[in-house]
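Subject: Structure handover

Hello,

Please find the structure below, with notes on what was found in it.

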Amino acid sequence: MTAWQVVRPGPIDGGPLRRARVPVPEPAAGDLLVRVLACGVCRTDLHVAEGDLPVHRPQVVPGHEVVGEVVALGAGAGGEFGLGDRVGIAWLRHTCGRCRFCLRGAENLCPNSRYTGWDADGGYAEFATVPAAYAHPLPAGYSDTELAPLLCAGIIGYRALRRAALPPGGRLGIYGFGGSAHLAAQVALASGARLHVMTRDPKARELALALGAASAQGAAAAPPEPLDAAILFAPVGDLVLPALAALDRGAVLSIAGIHLSDIPVLNYQRHLFQEREIRSVTANTRDDAREFLAFAAAHRLEVTVHPYPLDEADRALSDLAHGKFAGAAALVPDTPRTRRVSHS
């Protein structure tokens, strides 16, 4: 099968990915083998390719927003999923289930957690595997490419919104407006929030206004009113200061990224006093995923997605890095559903 591997982490335009022919993976006990129908292109993939997140597995295949069709079951993997089912593969793929974090419902903090496209091969390929216990049923009414960004961008945006503790009908600021932000914005708007978007990209500002934002301005600009909560999606530490300065008393800034450039020195009186808070977001739980996907089933989200053929995965990541599209992107393998699985 065709797969893309991270062979030389570094700047995306320097060619850190290599397209290769590799065997179709065999599903281990408890695993599903899926034919990849679409795989979202996430900024975390870019961080892995560029070395911001050091690879955990040499020549790892990135991609963790995978929509696939189950084509084989490992031993003991029966139950919720069967052959032919459409399933989702997300970032989180293993937790120990025994540590104090898992036992209190915070499996995203499990010290033994493992991740798709970082610890195990992901969806920049024609086939991928996933432990059945970490696969997700998918809502109806969406295409494969529309579903792909929901599996990380959507889930992480949902958790970031929860971490921001937005009060009912509150004023939310979003900094950066890519794949995750444009989905979290719709969840907030459906819940009655008043939304202000700060982003450098004029096309993203247009998208934000089209989705219902009350205002859209430059990345470091002040919103037109104080914020009850804010979410930083852009991996730019410099934006922490203007985001904190925009918060009203007692408000929370939630930082959604797995990687952030250095934060400048804070001024306590200007940025943190009056019980303003900063909260990070670390991965997600399976409960987060189920809650968000249930929301997506009940509320038709507008998913702005740009398809790329799998053969152009390197270009898709480069376009993401250079801000050449608003919304999200997804890779689509040229693998008909009727094609037989070949392990070569």
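Strand β11 (residues 194-198) pairs with β12 in the parallel sense over 3 bridges; two strands pair if DSSP finds at least two bridges between them. Helices (H or I, at least four residues) and strands (E, at least two) are DSSP runs, numbered from the N terminus. Within this pair, the bridge partner of Val 197 in β12 is Ala 216, and His 196 stands opposite Ser 215 of β12. From β11 the chain crosses through helix α5 (residues 202-211) to β12, and this β-α-β crossover is right-handed. Right-handed here means that, with the strands pointing away from the viewer, the path from the first strand over the helix to the second runs clockwise.

This is a predicted model: local features need pLDDT of at least 70, side-chain atom pairs count only at pLDDT 80 or more, and totals for chains, interfaces and linings use all residues. Residues are numbered from 1 along each chain as its sequence is written, and side-chain values use heavy atoms, with hydrogens and water left out.

The sheet around β11

β11 also pairs with β10, parallel to it, through 5 bridges. Here Gly 173 stands opposite His 196 in β11. Together β10, α4 and β11 make a right-handed β-α-β unit. Because 4 of its 5 residues are buried, β11 is largely enclosed by the rest of the structure. Buried means under 20% relative accessible area, exposed over 50%, and partly exposed in between (1.4 Å probe, protein chains only).

These strands belong to an open sheet of 6 strands in the order β12-β11-β10-β13-β14-β15, with parallel pairing. At the edges stand β12 (215-217) and β15 (277-280); each has a single partner strand, so one side of each is left without a neighbour in the sheet. Neighbouring strands of the sheet are turned by 20° against each other on average, direction ignored. Helix α3 packs on the sheet, touching β10 (171-175), β13 (227-232), β14 (247-255) and β15, and its direction makes about 155° with that of β14. Axes are lines fitted to C-alpha atoms, for helices over the stretch in contact, and angles run from 0 to 180 degrees between N-to-C directions.

Residues in and around this sheet

Ala 160 lies in helix α3 (residues 144-163) and counts as buried, at 0% relative accessibility. Leaving aside neighbours within four places in sequence, Ala 160 is in contact (heavy atoms within 4.5 Å) with Ile 231, Ser 254, Ala 256 and Val 281.

His 182 is in helix α4 (residues 179-190) and is also buried, with a relative accessible area of 0%. With the neighbours within four places again left aside, the contacts of His 182 include Leu 207, Leu 211, Glu 302 and Gly 327.

Two residues in the loop between α7 (268-272) and β15 may be worth a look. Gln 274 sits in that loop with phi near 70°, a positive value in a residue other than glycine, and is partly exposed at 28% relative accessible area. Glu 275, in the loop between α7 and β15 as well, has a positive phi of about 60° although it is not a glycine; with a relative accessible area of 66%, Glu 275 is exposed.

Strand β16 (residues 305-309) and β17 run parallel and are joined by 5 bridges, with Val 332 in β17 as the bridge partner of Pro 309. The chain crosses from β16 through helix α9 (residues 313-321) to β17 in a right-handed β-α-β crossover. β3 and β17 pair in the antiparallel sense over 3 bridges, and Leu 331 in β17 is the bridge partner of Cys 39. In β17 (residues 328-332), 4 of the 5 residues are buried, so the strand is largely enclosed by the rest of the structure.

A nonpolar core is a set of buried Ala, Val, Leu, Ile, Met, Phe, Trp, Tyr and Cys residues joined through side-chain atoms within 4.5 Å. The largest one has 49 residues; among those with the most contacts inside it are Val 34, Leu 317 and Leu 331. Strand β3 (residues 31-41) gives the most to this core, with 6 residues. Apart from it lies another core, of 46 residues, among them Ala 90, Ala 148, Leu 150 and Val 281.

Regards
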